[in-house]
Amino acid sequence: IAYGKDNRIDPFHAADARTATDPNAEERKRKRAQSVTSSREINARFDPKTSHLTAMEQTGGFAYAEGDRQARAAKATLDSDQNVMVLDGAARMWDSTGATSADRIRMNQTSGDFTAEGNVNSSRMPEPDAKKNSQMLATDEPLQAQARRMVSTDKSHKMHYEGGVVMWQGANRITAETVDVDREKRSLIADRNVVSSLWEEPKDAEKKKTAAPVLTVVRAPRLVYTDADRLAVYTGGVDMKRPGMHIASRELRTFLADSSADSRLEKAFADGGVRIVATTQNGDRIATAEHSEYYTDEAKVILTGGKPRLVDDAGHSTEGQKLTYFSNDDRLLIDGASNRPV
């Protein structure tokens with residue numbers, strides 16, 4: 001310990017040390033617990049006027065614990081004035097809601113908000129109340145994510161990921177350049193190079209023996225998902241592929257089924273320059289229109305707007321005001337208008 005003027009502590013150094021910090025009166029009201037740290041070395045500085053701790057650096061096997069919140073890193077720096085702790089080198093922090101690891105983590109100890117940078121890996125546990133979990137990916141598994149940067153606020157209810165984001169629950173995943181998750185509003189927004197991959201399989205044990213899992217892949221510049229209506233809106237030029245069905249359009253609205261249903265995708269509405277390729281045992285069917293509605297349970301496609309048209313492999317074409325096509329049995333219904341016959 002080096003003393004300055006009036007015998008006030010200035011720099012402080014310790015080896016193989018452990019610290020314990022008790023909450024002040026205001027923090028106790030918020031039920032904040034005592035924080036404990038340990039490391040091989042500690043270097044601290046104090047305000048010469050008040051003797052209050054201003055900054056502390058701990059290196060070598062740093063460990064931190066406060067209630068169920070814990071952290072590990074090669075080095076940790078504490079800014080007492082802002083109550084901010086920075087973890088450097090193989091940084092990792094976790095609590096009962098999940099865990100995050102990164103090259104560096106900057107955490108506000110008062111609010112619990114943090115920013116993680118470099119090789120970010122995070123895992124968030126599902127909500128105890130199943131009704132509060134999003135239906136976009138899965139409801140009963142941890143939400144995993146990788147990115148270059150992550151920002152968590154509002155007690156981990158709001159999470160922002162950026163830089164080569166990969167997010168998944170079970171086999172379902174989303175990739176994009178940025179992803180924002182609001183667990184309170186149960187919404188998800190993904191931007192730039194968005195790819196969502198959703199797997200589905202029958203819930204019934206007997207059906208599982210004969211039915212193969214179905215993969216739906218959607219690519220678009222932007223995705224906005226809201227769990228209240230289980231609606232995923234893709235915009236900016238969309239491409240959706242399922243076994244036997246390929247839909248391209250400017251915008252696509254997909255309605256997800258309840259997690260208990262056999263099919264994850266209930267229906268999909270496409271708008272703007274719609275082009276659909278349906279692959280059947282009799283060959284491909286190519287349909288075009290301005291608007292389409294696709295219903296998975298019936299394998300039914302409804303085409304309206306513009307000049308709905310369907311062409312088969314032989315070059316035969318059909319036009320009408322409304323085309324209804326069933327891809328499972330290769331059946332087509334055509335509706336015309338009084339001034340525009342089929």
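User: Which residues lie nearest the centre of the largest pocket?
Analyst: This is a predicted model, in which local features need pLDDT of at least 70 and side-chain atom pairs count only at pLDDT 80 or more, while totals for chains, interfaces and linings use all residues. Residues are numbered from 1 along each chain as its sequence is written, and side-chain values use heavy atoms, with hydrogens and water left out. A pocket is an open set of points on a 1 Å grid over the protein atoms alone, where a 1.4 Å probe fits, with protein on both sides within 12 Å along at least five of seven lines, and its lining residues have an atom within 4 Å of a point. The largest pocket is lined by 23 residues, and those nearest its centre are R69, D95, S111, G112 and K155.

User: Which element gives the most to the lining of the largest pocket?
Analyst: Strands are DSSP runs (E, at least two residues), numbered from the N terminus. Two or more lining residues come from each of β5 (84–95), β6 (98–108) and β7 (114–124). With 3 residues, the element that gives the most is β5.

User: How are the rings of F269 and Y295 arranged?
Analyst: Rings of Phe, Tyr and Trp (its six-membered ring) pair if their centres lie within 6.5 Å, with planes under 30 degrees apart counted as stacked, over 60 as edge-to-face and the rest as tilted. Here the centres are 6.0 Å apart and the planes stand at 70°, so the pair of F269 and Y295 is edge-to-face.

User: Which residues form one aromatic cluster?
Analyst: The whole structure holds 3 aromatic pairs. F269 in strand β15 (residues 265–280) and Y295 in strand β16 (residues 283–295) are 26 residues apart, so that pair links distant parts of the chain. The one cluster is formed by F255, F269 and Y295.

Methods: Helices (H or I, at least four residues) and strands (E, at least two) are DSSP runs, numbered from the N terminus.
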